[in-house]
Amino acid sequence: MTLPLLPGASRHRNIGKEKFHKSQHWGYCNNVAMLVGEDKPGIGGELLPGQKLKPKYSVFPEGMGSDAPAWVAFDKQVLSFDAYFEEEVPDKNQELYRIRHCKIYFYLEDDTIQVIEPQVKNSGITQGTIVRRHRIPLPPPHEDQFYTIDHFNINIEVILYARKYKIIDCDQFTKNFLRKMGVRLNPPTGRPDDPYSKERQKMLDSMKPLRPYERIDTLKQFLEHDGHVLRFFCVWDDPESMFHDPRELVLHYYLSDDTIDIKEIIPVNSGRDAVPLFLRRDKLPKYAPTGLYQPGTITSRTVLNVFGKLVGNRGRYILDNRKTGAVHQEFYRDSDLKIGAVINVWGRKIILCDCDEFTKEYYRTKYGIEDFTPVPYKALPPPKPEKTFPPYTGFGSEEDSLCSCMGLLPKPPQKDFKKFMEKDRSGMESNILRFLAKLVTDSPIDKDRKFIISYFLSDDTISVFEHMQQNTGILGGKFLERGRIKKPGQELFKSEPSEYFKAQNLFVGARVCFHGHNFLLVDADEYTFSYMEKHANEFSVADIGVILKKLKDVSKSHSREIRQMFAATDPEHTKVIEYDPFRNLIVSITDGAFSEHEIMTLGRYYSVRDEYEMDLHFLLAVAQEQLKKNSFENFEQLSAVLTYNDREKCGVLPHEMCRTICKSFKLPLADADLQALLTKFEDDHKQVKYKKFVDGLNWRENQVPAFQTIKFPLKNEDDWSGQPPSFPVKAVKYLPLLDDLFGKEE
């Protein structure tokens with residue numbers, strides 16, 4: 001009686017089953033219908049009755065290694081087994097079988113096997129790869145399956161293509177791997193010896209050769225010292241030469257084969273023929289020249305005729321280890337060569353005078369020699385005659401006339417191109433020092449004339465422009481053409497080059513004479529002051545360290561009086577005094593030893609500057625004007641790079657990062673202007689809002705209207721011909737100055 005087919009009442013095995021597909025067991029091969037799916041399961045993926053699936057590849061336990069596939073997890077991991085097999089030898093009576101040792105490699109990544117036999121010298125057997133790497137099937141009746149890792153262990157036999165291999169041992173990696181797999185390893189067995197090879201070795205060991213063999217092996221010396229050459233500098237006093245002048249030679253000793261070659265150093269215009277070698281490379285005998293030897297006299301081996309012609313009118317020859325009657329020659333070795341030694345080069349006495357550093361290190365290491373004092377062999381060269389140039393003729397420039405004396409083919413004078421590239425105008429960096437000057441004269445008309453002296457750092461040229469003044473009767477404009485200006489008081493027609501005005505000769509308070517016109521430099525623009533202070537190592541008048549040291553040396557013994565003088569100038573104790581009283585105090589302390597520029601540098605260093613708050617509208621207008629002049633339009637790329645560096649996508653970046661990116665795009669803005677602009681777009685956390693910054697610079701889409709000239713507080717009414725004036729020093733903090741000079745007052 002069967003239970004009804006109701007839920008919970010039937011035990012039918014198909015209840016709850018969802019997969020009922022059938023595997024494809026039949027197919028076509030070469031248009032012939034055949035069974036192609038013996039290993040495929042039955043309905044729904046379940047095994048058929050009596051069916052057992054055969055694993056195609058090695059099965060590793062779960063949790064061993066990573067979850068990656070075998071060709072990734074076991075890449076370059078190989079199990080190595082030591083094995084041997086017996087090979088029958090039916091064609092020889094001396095041996096019935098042969099033992100051949102081999103290595104079996106099992107590649108874990110794809111279950112491939114490779115069998116390699118190590119090379120045995122003089123075996124006469126083709127050795128190397130016996131079975132190339134591939135998957136090997138099991139012997140019948142399981143030829144439909146392949147060898148896996150489960151078929152390998154120590155002290156077992158495996159059959160590879162009807163050849164039986166005996167596995168005797170494996171390496172440590174293989175042992176560890178198999179233990180992790182859960183395989184119980186068998187104890188290793190010994191490696192049997194080949195009977196025939198053992199017998200032959202016994203025969204060779206017991207045999208006494210009738211011909212003693214003398215081995216001459218120089219391979220080790222060649223491999224150790226190939227390319228190692230000792231070099232000595234030599235001299236040979238040729239007695240047969242007309243003037244008995246010494247001949248300079250270079251001796252090379254080759255450590256790889258103890259040979260020597262010599263090359264001659266032939267001076268220029270010596271009249272001697274240039275030959276490639278003074279002595280070709282060969283072993284150099286010590287007692288040469290000797291008489292000529294008959295052919296066969298000097299040989300590497302000595303042969304003895306034992307029986308003469310007593311037996312069958314034929315000789316019996318063997319090698320003579322004692323070299324009876326052999327002619328021995330002594331050759332120069334590395335131990336015979338040292339500085340100061342005299343060697344015989346085929347009858348010529350050559351003195352070794354010096355050697356190179358490699359040779360010194362070789363003798364220091366091998367022989368412990370430390371004294372390498374060279375032997376003087378060269379006469380001191382005569383002093384080079386000093387070049388004297390004719391005086392300047394007055395035609396052309398001095399440099400051009402001097403070039404005509406330097407060679408047969410006159411060349412134009414070379415300009416300092418590197419200095420020109422470094423100091424040429426670049427963006428907002430003009431590299432021009434501008435000074436305000438006036439004439440030093442007693443003429444009432446010329447006293448009030450004002451000049452702008454411009455010094456161009458790129459080529460050390462100077463130009464002078466006169467400031468236009470109304471109702472003076474003097475036309476302003478160009479006063480002196482741009483060019484290099486000689487210092488006064490030099491002779492015109494002389495051999496030495498003339499001295500020209502340098503940037504260090506121009507500073508506030510200096511008196512200069514340009515072509516008979518005496519100028520007094522009374523002021524400079526802000527760029528000039530800033531440039532000189534930035535390059536204080538070139539301009540001593542702008543070096544605050546030098547100025548403080550100079551002032552300290554002058555006022556060291558009057559520290560108390562100087563403190564009282566500054567305190568008297570500040571009756572309200574504000575710790576600040578105006579610039580004019582400060583200047584007068586410095587002049588009185590130094591007794592006029594300080595120039596006006598040095599006093600201004602002191603005032604600027606300790607000044608209380610007014611903070612002029614730049615308007616954002618003005619800064620953007622100046623920046624857009626510069627970008628427009630330089631045709632800069634890469635705003636999209638600039639915005640893209642800034643956005644890329646914003647990893648958190650918060651719309652802000654650090655100030656220094658924005659500055660670096662702008663510099664990488666070669667933004668044609670002065671560093672001070674760029675810093676001020678970035679500061680304007682900072683938030684409360686000192687982060688720059690880069691999108692607004694780029695939009696503000698984009699003169700194509702967000703053009704700022706043209707701006708008017710911004711009024712700066714000026715020292716005087718001179719406008720520097722459109723250049724911004726220097727910021728005035730109104731007040732000076734004198735207490736830090738006194739502390740730097742005399743230390744803090746207790």
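This note goes through the structure in numbered points, from the whole chain to single residue pairs.

1. The model is a predicted one, in which local features need pLDDT of at least 70 and side-chain atom pairs count only at pLDDT 80 or more, while totals for chains, interfaces and linings use all residues. Residues are numbered from 1 along each chain as its sequence is written, and side-chain values use heavy atoms, with hydrogens and water left out.

2. The secondary structure of the chain amounts to 19 helices and 26 strands, where helices (H or I, at least four residues) and strands (E, at least two) are DSSP runs numbered from the N terminus. Of its 746 residues, 34% count as buried, a term that stands for under 20% relative accessible area, with exposed meaning over 50% and partly exposed what lies in between (1.4 Å probe, protein chains only).

3. In helix α15, which spans residues 635-645, the buried residues include Phe635, Leu638 and Leu642. Seen down the axis of α15, the buried residues fall within an arc of 65 degrees, so they line one face of the helix; the arc is taken from the directions from the helix axis to the C-beta atoms. The face turned away from this buried side carries the exposed residues Glu636 and Tyr644. The buried residues of α15 pack against α14 (616-629), β24 (652-654), α16 (655-664) and α18 (690-697), a contact being heavy atoms within 4.5 Å.

4. A search of the whole structure finds 39 salt bridges, each being a side-chain nitrogen of Lys or Arg within 4 Å of a carboxyl oxygen of Asp or Glu. One of them joins Arg100 to Glu87, with the closest N and O atoms 3.0 Å apart. Because Arg100 lies in strand β4 (residues 97-107) and Glu87 in strand β3 (residues 78-88), the pair ties together parts that are 13 residues apart in sequence. Arg100 is buried, at a relative accessible area of 9%, whereas Glu87 is partly exposed, at 22%. Both residues belong to a network of salt bridges that links Glu87, Glu95, Arg98, Arg100 and Glu117.

5. Another salt bridge is formed by Glu533 and Arg604, whose closest N and O atoms are 2.7 Å apart. This pair links distant parts of the chain, with Glu533 in helix α9 (residues 526-534) and Arg604 in helix α13 (residues 596-605), 71 residues apart. Glu533 counts as partly exposed at 29% relative accessibility, while Arg604 counts as buried at 9%.
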